[in-house]
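I opened a new chain today and kept notes as I went. Here is what I looked up, in the order I got to it.

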Amino acid sequence: MMELEYKDHISPILKDGVKNYLIDIDGTITEDVPNEEPERMVTCEPFHDALETINKWYDEGHQICFFTSRTENLKQITIDWLDKHGFKYHSVLCGKPRGGNYHWIDNHLVRATRYKGKFTDLVEKQVTIEVFKEDGE
(Lines give C-alpha, C1' and ligand atoms only; values in the text may rest on other atoms or scores of the structure.)
Protein backbone atom coordinates (compact mmCIF):
# COMPACT_ATOMS: atom_id res chain seq x y z
CA MET A 1 0.00 0.00 0.00
CA MET A 2 1.38 3.38 -1.01
CA GLU A 3 1.96 5.73 1.94
CA LEU A 4 0.98 9.24 0.90
CA GLU A 5 1.05 12.58 2.65
CA TYR A 6 -1.91 14.91 2.22
CA LYS A 7 -1.72 18.62 3.01
CA ASP A 8 -3.14 21.94 1.89
CA HIS A 9 -5.83 20.24 -0.25
CA ILE A 10 -3.44 19.42 -3.09
CA SER A 11 -2.50 16.16 -4.77
CA PRO A 12 -0.85 13.72 -2.36
CA ILE A 13 2.89 13.16 -2.38
CA LEU A 14 5.00 10.15 -1.45
CA LYS A 15 6.81 10.11 1.86
CA ASP A 16 10.37 11.48 1.85
CA GLY A 17 12.87 9.17 0.21
CA VAL A 18 10.29 7.07 -1.63
CA LYS A 19 10.42 7.14 -5.42
CA ASN A 20 7.57 6.31 -7.77
CA TYR A 21 9.27 4.42 -10.60
CA LEU A 22 7.46 4.27 -13.95
CA ILE A 23 9.36 1.62 -15.91
CA ASP A 24 8.97 0.74 -19.57
CA ILE A 25 9.04 -2.94 -20.56
CA ASP A 26 9.98 -3.50 -24.20
CA GLY A 27 13.59 -2.55 -24.87
CA THR A 28 14.10 -1.66 -21.19
CA ILE A 29 13.62 -4.78 -19.06
CA THR A 30 13.50 -7.24 -21.97
CA GLU A 31 14.14 -7.25 -25.71
CA ASP A 32 12.19 -4.70 -27.76
CA VAL A 33 9.00 -6.56 -28.72
CA PRO A 34 6.43 -4.60 -30.77
CA ASN A 35 2.69 -4.90 -30.07
CA GLU A 36 2.29 -6.47 -33.49
CA GLU A 37 4.22 -9.57 -32.31
CA PRO A 38 2.50 -10.58 -29.04
CA GLU A 39 3.67 -14.20 -29.35
CA ARG A 40 7.22 -12.97 -28.60
CA MET A 41 6.00 -11.34 -25.38
CA VAL A 42 5.47 -14.79 -23.90
CA THR A 43 8.91 -16.19 -24.77
CA CYS A 44 11.27 -13.22 -24.33
CA GLU A 45 13.62 -13.27 -21.35
CA PRO A 46 14.14 -10.45 -18.86
CA PHE A 47 17.40 -8.57 -18.62
CA HIS A 48 18.98 -9.99 -15.47
CA ASP A 49 20.24 -6.63 -14.18
CA ALA A 50 16.75 -5.12 -14.59
CA LEU A 51 15.12 -7.89 -12.55
CA GLU A 52 17.67 -7.55 -9.73
CA THR A 53 17.59 -3.75 -9.62
CA ILE A 54 13.80 -3.38 -9.80
CA ASN A 55 13.22 -6.01 -7.11
CA LYS A 56 15.82 -4.25 -4.93
CA TRP A 57 13.98 -0.93 -5.35
CA TYR A 58 10.70 -2.65 -4.46
CA ASP A 59 12.26 -4.19 -1.34
CA GLU A 60 13.59 -0.73 -0.34
CA GLY A 61 9.99 0.55 -0.29
CA HIS A 62 9.81 2.35 -3.61
CA GLN A 63 6.72 2.18 -5.81
CA ILE A 64 7.12 0.13 -8.99
CA CYS A 65 4.74 0.71 -11.88
CA PHE A 66 5.36 -0.78 -15.29
CA PHE A 67 4.20 1.85 -17.81
CA THR A 68 4.16 0.32 -21.26
CA SER A 69 3.10 1.04 -24.83
CA ARG A 70 1.54 -2.41 -24.89
CA THR A 71 -2.19 -2.12 -25.46
CA GLU A 72 -4.84 -3.03 -22.89
CA ASN A 73 -5.64 -6.31 -24.68
CA LEU A 74 -2.01 -7.38 -23.98
CA LYS A 75 -2.14 -6.53 -20.26
CA GLN A 76 -2.75 -10.07 -18.97
CA ILE A 77 0.06 -11.49 -21.13
CA THR A 78 2.28 -8.79 -19.62
CA ILE A 79 1.23 -9.49 -16.02
CA ASP A 80 1.70 -13.23 -16.52
CA TRP A 81 5.20 -12.63 -17.94
CA LEU A 82 6.21 -10.31 -15.09
CA ASP A 83 4.94 -12.81 -12.50
CA LYS A 84 6.58 -15.79 -14.24
CA HIS A 85 9.97 -14.08 -14.11
CA GLY A 86 9.64 -12.90 -10.52
CA PHE A 87 9.33 -9.14 -10.94
CA LYS A 88 8.00 -7.35 -7.86
CA TYR A 89 5.68 -4.46 -8.69
CA HIS A 90 2.61 -2.54 -7.60
CA SER A 91 0.85 -1.83 -10.89
CA VAL A 92 0.91 -2.11 -14.67
CA LEU A 93 -0.32 0.71 -16.90
CA CYS A 94 -0.87 0.06 -20.61
CA GLY A 95 -1.30 2.57 -23.39
CA LYS A 96 1.81 4.74 -23.07
CA PRO A 97 2.18 6.63 -26.35
CA ARG A 98 4.48 4.93 -28.83
CA GLY A 99 7.39 6.66 -30.47
CA GLY A 100 9.50 8.16 -27.73
CA ASN A 101 10.77 11.74 -27.41
CA TYR A 102 8.43 12.16 -24.46
CA HIS A 103 7.78 15.55 -22.91
CA TRP A 104 5.92 14.87 -19.68
CA ILE A 105 4.19 17.94 -18.25
CA ASP A 106 2.96 17.56 -14.69
CA ASN A 107 2.40 19.60 -11.54
CA HIS A 108 4.69 17.17 -9.66
CA LEU A 109 8.44 16.86 -10.08
CA VAL A 110 9.26 14.40 -12.87
CA ARG A 111 12.71 12.95 -13.41
CA ALA A 112 13.38 10.98 -16.56
CA THR A 113 16.16 8.45 -16.98
CA ARG A 114 16.89 7.04 -20.41
CA TYR A 115 17.74 3.35 -20.47
CA LYS A 116 20.93 2.74 -22.45
CA GLY A 117 21.58 -0.98 -22.03
CA LYS A 118 22.42 -1.40 -18.36
CA PHE A 119 20.12 -1.38 -15.32
CA THR A 120 21.90 -0.21 -12.17
CA ASP A 121 21.26 1.96 -9.16
CA LEU A 122 20.79 5.57 -10.19
CA VAL A 123 23.55 8.14 -9.75
CA GLU A 124 23.27 11.92 -9.63
CA LYS A 125 24.48 13.85 -12.66
CA GLN A 126 24.10 17.47 -13.73
CA VAL A 127 22.39 17.91 -17.09
CA THR A 128 20.61 20.59 -19.10
CA ILE A 129 16.82 20.28 -19.19
CA GLU A 130 13.94 22.21 -20.73
CA VAL A 131 11.60 23.94 -18.27
CA PHE A 132 8.75 26.44 -18.43
CA LYS A 133 9.79 30.08 -18.19
CA GLU A 134 9.02 31.51 -14.76
CA ASP A 135 7.52 34.93 -14.08
CA GLY A 136 10.13 37.65 -14.45
CA GLU A 137 12.42 35.70 -16.79
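**Helix H3 and its surroundings**

I started with the packing: the buried residues of H3 sit against helix H1 (38-43), strand E4 (63-68) and strand E5 (91-94). A reminder to myself that this is a predicted model.

Which residues of H3 are buried? I checked residues 75-84 and found Thr78, Ile79, Trp81 and Leu82 on the buried list. I then looked down the axis of H3: the buried residues fall within an arc of 165°, so they line one face of the helix.

Next I stepped off the end of the helix. Gly86 follows H3, and its phi is positive, near 85°. His85 is in the loop that joins H3 to E5. Is His85 buried or exposed? I read a relative accessible area of 14% for His85, so it goes down as buried. Leaving out neighbours within four places in sequence, I get Cys44, Glu45, Pro46 and Leu51 as the contacts of His85.

**Cysteines**

Cys44 turned up in that contact list, so I went through the sulfurs, using 2.5 Å as the cut-off for a disulfide. How many disulfides does the rule give? The count is zero. Cys94 is in no disulfide either; its nearest cysteine sulfur is that of Cys65, at 9.5 Å.

I also noted how covered these two are. Cys44 has a relative accessible area of 2%, so I have it as buried. Cys94 comes out at 17%, and as the limit for buried is under 20%, it counts as buried too.

**Leu122**

I moved on to the segment after E5, where Leu122 is placed. Its relative accessibility is 41%, so Leu122 counts as partly exposed. What does Leu122 touch, not counting residues up to four places away in sequence? I found Tyr21, Trp57 and Thr113. I also took a C-alpha distance: Leu122 and Gly17 are 105 residues apart along the chain, and their C-alpha atoms are separated by 14 Å.

**Whole chain**

I left the overall numbers for last. The protein chain has three helices and five strands, and along the sequence I read them off as β-β-β-α-α-β-α-β. The C-alpha trace spans about 55 × 30 × 30 Å along its principal axes.

For burial, I have 28% of the 137 residues down as buried. The accessible surface of the chain is about 10,400 Å², and carbon and sulfur atoms own 51% of that.

I checked the contacts by sequence separation as well. Taking those with a separation of 6 or more, 68% come from residues 24 or more positions apart.

Last entry is charge. I have 17 positive and 26 negative side chains in the protein chain. How far apart are the centres of the two sets? They lie 3 Å apart.

Note on methods: Residues are numbered from 1 along each chain as its sequence is written. This is a predicted model: local features need pLDDT of at least 70, side-chain atom pairs count only at pLDDT 80 or more; totals for chains, interfaces and linings use all residues. Side-chain values use heavy atoms; hydrogens and water are left out. Buried means under 20% relative accessible area, exposed over 50%, partly exposed in between (1.4 Å probe, protein chains only). Helices (H or I, at least four residues) and strands (E, at least two) are DSSP runs, numbered from the N terminus. Contact means heavy atoms within 4.5 Å. Accessible areas come from the Shrake-Rupley method with a 1.4 Å probe; for residues, only the protein chains shown count as cover. Lys and Arg count as positive and Asp and Glu as negative; His and the chain ends are not counted. The place of a charge is taken as NZ of Lys, CZ of Arg, CG of Asp or CD of Glu. The arc is that of the directions from the helix axis to the C-beta atoms.
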